[in-house]
Amino acid sequence: MRKIYFVGGSPCAGKSTVCEDISKKYDLYYFKVDDFLDKYMKKAALNDKPLCKKNLSMTFEEIWMRDPVTQKDEEFGIYKEIFEYVIHDLENISCNKDILTEGCAYLPTLIKKLRVQNTSYLAIIPTKDFQILHYQKRPYVSSMLEGCLNKKEAFGNWMERDFLFSKEIERECKNENFKVIINDGKTNIDEIIMEVVNHFDIS
């Protein structure tokens with residue numbers, strides 16, 4: 001019976017870097033939720049899921065100039081709205097390999113409802129400084145701020161939203177007794193990779 005290993009967490013924490021490396025080294029099928037996020041949100045909107053429907057109709061100015069707490073709460077809501085589609089695709093992967101899957105959609109409370117074992121899930125979150133530093137290096141950031149009248153404030157709201165998101169993930173992991181790794185940028189990425197491999201007992 002194939003195994004599924006889940007890596008959740010928050011944006012810009014190094015989840016993709018870690019999972020890409022592990023999947024190659026250990027010959028696992030890698031399923032990245034973000035590759036299909038737009039598809040899931042559009043499907044949810046067509047099925048009248050309110051937050052996805054609302055988000056897809058908003059401009060970047062409308063998205064980023066809101067209160068960061070509201071942004072964080074709605075982001076959690078969006079992942080809850082698309083979760084059934086994520087799991088449907090995950091369960092229908094036609095491959096005999098064990099699966100390593102990652103994405104912010106794997107909220108600890110949702111994973112717990114699936115009765116996933118604690119040894120098959122963990123979350124990776126960044127410190128705020130690490131998060132901001134790496135967002136600033138990403139080429140898509142400027143396009144995500146397109147049309148914002150005050151790009152500095154919009155970016156600040158975005159960063160605060162993701163920091164609040166990470167703290168909520170950390171709190172949920174603690175409540176559900178799930179492992180959480182905090183990436184501060186000082187720990188060698190290979191050490192984080194081995195921490196994940198050891199937690200999942202991948203061989």
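**A helix and its aromatic neighbours in the model**

Modeller: Please keep in mind that this is a predicted model. The elements that cover the buried residues of α1 include β1 (4–9), β2 (29–32), β3 (99–102), β4 (121–126) and α10 (189–200).

Biologist: Which residues of α1 are buried?

Modeller: They are K15, V18, C19, I22 and S23. Their arc around the axis is only 120°, which means that they sit on the same side of α1.

Biologist: And what is exposed on the other side of α1?

Modeller: K24 and K25 are exposed there.

Biologist: What comes just after α1?

Modeller: D27, which has a positive phi of about 55°.

Biologist: Back to K15. Where is it placed?

Modeller: K15 belongs to helix α1, which spans residues 15–25.

Biologist: Which side chain of opposite charge is nearest to K15?

Modeller: That is E102, at 4.6 Å.

Biologist: Which backbone oxygen lies 2.8 Å from a polar atom of the K15 side chain?

Modeller: The backbone oxygen of S10 is at that distance.

Biologist: What else does K15 touch?

Modeller: Leaving aside residues up to four places away in sequence, K15 touches V7, G8, G9, S10, E102, G103, C104 and I124.

Biologist: Changing topic: how many aromatic pairs does the structure hold?

Modeller: There are eleven aromatic pairs. In one of them, F31 and F36 have ring centres 5.4 Å apart and planes at 15°, so this pair is stacked.

Biologist: Is F31 buried or exposed?

Modeller: F31 counts as buried, because its relative accessibility is 5%. F36 is partly exposed, with a relative accessible area of 31%.

Biologist: How are the rings of F83 and Y106 arranged?

Modeller: Their centres are 6.5 Å apart and their planes lie at 85°, so the pair is edge-to-face. This pair links distant parts of the chain, 23 residues apart: F83 is in helix α5 (residues 68–91), and Y106 is in the loop between β3 and α6 (108–113).

Biologist: Why do those two count as buried?

Modeller: F83 counts as buried because its relative accessibility is 8%, and Y106 because its value is 0%. The cut-off for buried is under 20%.

Biologist: Which residues form one aromatic cluster?

Modeller: W64, Y135, F155 and W158 form it.

Conventions:
Residues are numbered from 1 along each chain as its sequence is written. This is a predicted model: local features need pLDDT of at least 70, side-chain atom pairs count only at pLDDT 80 or more; totals for chains, interfaces and linings use all residues. Side-chain values use heavy atoms; hydrogens and water are left out. Helices (H or I, at least four residues) and strands (E, at least two) are DSSP runs, numbered from the N terminus. Buried means under 20% relative accessible area, exposed over 50%, partly exposed in between (1.4 Å probe, protein chains only). Lys and Arg count as positive and Asp and Glu as negative; His and the chain ends are not counted. A salt bridge is a side-chain nitrogen of Lys or Arg within 4 Å of a carboxyl oxygen of Asp or Glu. A polar contact is a pair of N or O atoms within 3.5 Å; within protein, one must be able to donate a hydrogen and the other to accept it, and residues adjacent in sequence count only if both atoms are side-chain atoms. Contact means heavy atoms within 4.5 Å. The arc is that of the directions from the helix axis to the C-beta atoms. Rings of Phe, Tyr and Trp (its six-membered ring) pair if their centres lie within 6.5 Å; planes under 30 degrees apart count as stacked, over 60 as edge-to-face and the rest as tilted.
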